[in-house]
Amino acid sequence: MYDIAIIGLGIAGLEAALCAAKNGLKVIAFEKNEIGGSYLNFNSIPTKTISYSSQLLKKIEQSSKFGINLFAKPGYNWQIMLDRKIEITNKFSKLLNSELNKNITVVKAEAELSINYDEIEIYADDNIYQAKYIIIATGSKPKELAGLTFDGEFVVKPDDMLKKIDIPKKVAIVGSGSIGLEWAQILSDLGSEVKIIEIEKQLAFNYDVELQKRAEKILKSNKVQIFKNDCIIRVSNDQVFLKSGIAFDVDCILVAIGNESNPCKISINGCAEQFLIKPQDDGSCDIDNLYLAGSAFCGNFAPHEVLFQAKSVMNKILFNKEIENKISPYIINISPEIATIGVKEQDVDLFDGYEIRKISLSSLMEYWCEDCQDGMIKIIIKDDIIVGAHIVSKNASLLISIFSILINHKIKLNEIENLVFPLPSLAHGVLEVLKSE
């Protein structure tokens, strides 16, 4: 009998397993695929690696403005980019395996749960296992669109792009969340003809209204064509037909409309099913000592939300600590980066005690030094506390982390004004936006 069993070793399962082992529990974990899940192997880290290469190419093409002369036109090698991605994922896969092997029993097989009244058994690799607590951390998978079934070649998921031998020349991207926009810039930077199709009236639908406009401007400057309030109604012979009446040829269609939770195989009282258990806010469910963590809890969680929720589940199991509600930041890893947290401009009534302050980065000399003056920082204030922040900037993901601390700890404006930030640095923009009106 183990103290805790964890099904899935993506970042949620890893967080839970390592936390449990650190606190002296006897841990067993099951993983049928690569340790690290989609975060390390297929999506976040691989995509950010490729994105860095494509953005570097774009910067090199502009080198003459910085006094740097090139003696040949810069180009790229897709295979070397992929090899670098593999090198990074392999490096951290080995580190994770080494860490797990110290105190955790890892079974490299798919696990199935058999629930018979008050008893839960885990079947894996022709063996039966039991544990006092069980965490399902089976992650998530990309959502499919009706009529656009993934085939890995023409209709593809984001991770399928990393398996292609060559970059497709003409790509239609369905969806304008962070993944869709990131791939739009990667592909356009590498010379592809990219079209984004978004059913909503704006890109980045869940972001602040000004960030939505900035995202569109950034992508259009990369020659990305955008079709908003539109959708695919038919595909025939590599030709895409939109509801608006527009048609065009493509080499592939990348569907990036978000994720949904992966189901865990479960049989209840001898009845085999594959379904999603509905969890409570703390990750628990109607079955005693059974929890859901990470993307198995919510398929559309961002990676940092996955980690936080897995930590919350472990705090519940170890210390019976209730879940804390935190306001999460979100980022779009394009150049310049886009980041958001908290209350958005379109959600506030300025006559209800809200105040908006904004600064253009072109007014700050530090940003000109690094050629990142085309951006802005906007904050939303209520009762002398920042309740929302929205940024377009180089390193916006770092700046939004500062605002995340300020917002979640409800730090008053006069306390923030007395903080010291280094100069020259991009972080100084946090103080400068407080001075704006």
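1. Helix α6 (residues 178-189) packs against helix α7 (residues 209-221) at an angle of about 20 degrees, and their axes lie 10 Å apart. Axes here are lines fitted to C-alpha atoms, for helices over the stretch in contact, and angles run from 0 to 180 degrees between N-to-C directions. The angle therefore makes α6 roughly parallel to α7 (the term covers angles under 35 degrees). Helices (H or I, at least four residues) and strands (E, at least two) are DSSP runs, numbered from the N terminus.

2. This is a predicted model, in which local features need pLDDT of at least 70 and side-chain atom pairs count only at pLDDT 80 or more, while totals for chains, interfaces and linings use all residues. Residues are numbered from 1 along each chain as its sequence is written, and side-chain values use heavy atoms, with hydrogens and water left out.

3. α6 and α7 cross in the left-handed sense (the near helix is turned anticlockwise from the far one by less than a right angle; clockwise is right-handed). L181, A184 and Q185 of α6 meet A215, I218 and L219 of α7, contact meaning heavy atoms within 4.5 Å. Five of the residues in this contact of α6 with α7 are nonpolar, one is polar and none is charged. Ala, Val, Leu, Ile, Met, Phe, Trp, Tyr, Cys and Pro count as nonpolar, Asp, Glu, Lys and Arg as charged, and the others, Gly among them, as polar.

4. Helix α1 (residues 11-22) and helix α8 (residues 303-319) pack at about 35 degrees, with axes 8 Å apart. The crossing of α1 with α8 is right-handed. α1 contributes I11, A12, E15, A16, C19 and A20, and α8 contributes P303, V306, L307, A310, K311, M314 and L318. The contact of α1 with α8 holds 11 nonpolar residues, no polar ones and two charged ones.

5. Three strands form an open sheet in the order β13-β14-β15, paired antiparallel (two strands pair if DSSP finds at least two bridges between them). β13 (232-236) and β15 (247-249) are the edge strands with a single partner strand each, so one side of each has no neighbour in the sheet. From one strand to the next the twist averages 20 degrees. Three bridges link β14 (residues 239-242) to β15 in the antiparallel sense, and V240 stands opposite F248 in β15.

6. Strands β4 (residues 112-116) and β5 (residues 119-124) run antiparallel and are joined by five bridges. E112 has Y123 of β5 as its bridge partner. The two strands β4 and β5 form a hairpin with two residues between them, and Y117 in the turn has a positive phi of about 55 degrees.

How values were computed: Parallel < 35°, antiparallel > 145°, perpendicular 65-115°, else oblique.
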